[in-house]
Amino acid sequence: MADYDVCIVGSGAGGAPVAKTLAAAGYKVVVLEKGRWLKENQFFKDEIAVTLRSEYQPDPQKEPQVVETKSHGRKWRRELTGDSIWKFWNVSLVGGATNLMGGSFYRLKPDDFRLKSKFGAIAGANIEDWPISYDELEPYYTRVETEVGVSGRVVGHPNQDKRSTPDFPFPPTLEHPVSGWIDRTCQKNGLHPFVVPRAILTRNQGTRNQCTYSAGFCARYGCATGAKGSSRASFLAEAIATGNCEVIPNAMVYKVESDASGKVSSVLYFDQNNNKVKVTARIYVLACQAIETARLLLMSTGPKHPNGLANGNGLVGKNLIFSAASRGSCDLPYGSFNENQVAELKSRLPFINRALQDWYFYADSKKNKLQKGGTISFGLAAPGPIAAAQNLATTPDGLIWGRELKEKLEHYFKKSRHLHFEVFGDWLPNKNCFVSLDNQKDQWGLPVSKIRIYRHAQNQKVARFLVKRGVDVLQSLGGENINFHDYGNPSTNLVGGTARFGKNSKTSVLNRDCRSHEVENLYITDASFMPTGGSVPFTFTIFANALRVADKILKAM
Amino acid sequence: MSQISLKRRKFLILSASGAVVGGLSWLFFRPRPLRCPELLEPAPKGGVFNRREKLTVTATMECLLPSEPESPGALDVNAMAYLEKTLTAPQMAQKLNDMLLGARRLDDFARGFGVCNFFELQSKEKQNQVLKVFQRNKANRAWMTLLLGFSLEAYLGDPVYGGNPKGLVWSWLNFVPGFPRPKTLGAGLLNG
């Protein structure tokens, strides 16, 4: 007899909704999480530990990853991520990266589910339609809004999400007065700014308290009140409360074993004392984040899976996607505004919550053909003072120090505010962007992930188009010292695609229920399932899809 | 705890000298007039710098973030104590290596200006002039950036880490920290 009904590997946005659904239905669930289990009162706004020393992430010396990049037709260059600018480790904690997310929760649009049939194939890209439609996922987006807690206000814009409810279950957060500036400036220019939905409670719910607006230390920091909709504070807490869910932290799963028939038979993990432990269940769910899920599958060879579990068609790890990210920023110096405006700028409220999706689809000027664009999201600069000061000191012309640096610090902190925008674009999946196993070993002697990154040229074209529009807004606001980068680079915190779902078992790893085509008791519910990512952060969609798949698993039990 | 042995210090001195001779000799405008003793002294117990290294690094920090009547500097935020404590962590072994190497290069570089060690340059103005030339070399600039990075952590980090006493720099800059503030070092994770 199996130890549990369901074994879930990973406790983030993909794993926790499944845990809650199955536990609430009376099934015995275990969640194996590699990281530690921090409670609310252990999250502090500690810039040194959290962002500079990355103490929630694995130590890259003990758990390296390898990245391969290529530029300008040269050979592939391999480096350890510890030595590189690329850091693909997400948070290793119960609740995963949702503990530290900014919680901007945008839905995908209906056409995001059918990019290939709507806009056509793009040479050099492996775009495929999703095997489900927006209408099938919509009820689950609605459930996440209530169960995780999403605050916002529907204002209507040309690319407004199709909704089954008129508005969000929680009112929007308090906003910095600059939000109003953005509204007026954009509307004057014929644009349609809207309120960004946030997975942040604006009133108490159950044991979770509403946001206390902690001086802006939201994104990249844990939440001490429970307001942030982490999977830990929401679904996992509810799963545990049923009495049917056990969470085991410090459990490094290193193999998913399979039997002679090809079904998964057990999961093996190292506990915190490096003892090997075996767990058995009827159903297995992987949700380790797309890179590590692919790695685990590739390591999990078996009698029927010589190339890795569920990898009969060789597609595990392939079609790795990110969000194609770009950004811009500006200063709003007090000296350039009147007294009333300065008083507004000095507000300590941390959230701007404004975005533009006027160009979520736009006509390419050369081909005069509608194509996929993206989202421009505005916010205040990250609040950490050390990183801000380090950035001020390092300029293209060299290091600044002494009186000159101190003058810059004074101006930055006392005489201006700083606005930024992020651009989210579709990362086009392609044959040169994938995850495989490297010969480098980690502290457990396991082969590490090798992440090959190749950016399709279209990513940057879209990035340039959108960044220019973002810069236009900053200029209209009176922003000075405008900086931007428009490369459409991979976002290291938004990763997906490595076990895409689809109707055809020859061209996909999972079926429409996110169950392996080959392995009847294996499901994958992190972002690995996504054939394309949309031009928004993935987390809301991961949560929603995990709820959808949980219902499918429930039916199959 | 990370410490550098005498044998390792000797290796670093040779490495630094090679870098100076190989990469920077053109910056020396006069022949070396001094005979500077190569004293290999270890760091005291609990520290990571020996006496001379500490004086040179401290002098550099005081140039990077000077103490002024209307605003604090590295001296006011216990930056050296913070740096030494930070560099004792085992995972900082490489950065400690880099720090000692760079300090040695700076002392060697200062010999072109008539002193055996950087901290012996008579004025802050002179020290800054030397640093301006010193950092034209990429490796030296990287070292200064590393040192400035740590100095800014002491300057603007939470006082629980030993720098920025009572939020002195935060007060000067009207900065409001997030809450809750850390009560212990290392996000509560260092000790499990």
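## Where the two chains meet

Across the interface of chain A and chain B there are 3 salt bridges, counting a side-chain nitrogen of Lys or Arg within 4 Å of a carboxyl oxygen of Asp or Glu. In one salt bridge, the side chains of Arg53(A) and Glu153(B) come together at 2.6 Å, N to O. This is a predicted model, in which local features need pLDDT of at least 70, side-chain atom pairs count only at pLDDT 80 or more, and totals for chains, interfaces and linings use all residues. Residues are numbered from 1 along each chain as its sequence is written, chains are lettered from A in the order in which they are written, and side-chain values use heavy atoms, with hydrogens and water left out.

Chain A brings 40 residues to the contact and chain B brings 46 residues, where contact means heavy atoms within 4.5 Å. The area buried between the chains is about 3,500 Å², with carbon and sulfur atoms giving 67% of it; buried area is the accessible area (1.4 Å probe) that two parts lose on being put together, summed over both. On the chain A side, Phe44(A), Trp401(A) and Lys406(A) lose the most area to chain B, together 21% of what that side buries.

## A six-stranded sheet in chain A

Chain A holds an open sheet of 6 strands in the order E5-E12-E15-E18-E11-E21, with antiparallel pairing. Strands here are DSSP runs (E, at least two residues) and helices are runs of H or I of at least four, numbered from the N terminus; two strands pair if DSSP finds at least two bridges between them. The edge strands, each pairing on one side only, are E5 (194-195) and E21 (480-496) of chain A.

Further in, strand E15 (residues 374-380) and strand E18 (residues 416-426) of chain A are joined antiparallel over 7 bridges, and Thr375(A) has Phe424(A) in E18(A) as its bridge partner.

## Strand E3 and its neighbours

Strand E3 (residues 66-69) of chain A pairs antiparallel with strand E4 (residues 77-80) of chain A over 4 bridges, with Val67(A) opposite Glu79(A). E3(A) also runs parallel to strand E20 (residues 447-452) of chain A, joined by 3 bridges; there, Val66(A) has Lys450(A) as its bridge partner.

Which way do the side chains of E3(A) point? Val66(A) and Glu68(A) point one way, Val67(A) and Thr69(A) the other, and all are buried, meaning under 20% relative accessible area (1.4 Å probe, protein chains only).

Terms used. Buried means under 20% relative accessible area, exposed over 50%, partly exposed in between (1.4 Å probe, protein chains only).
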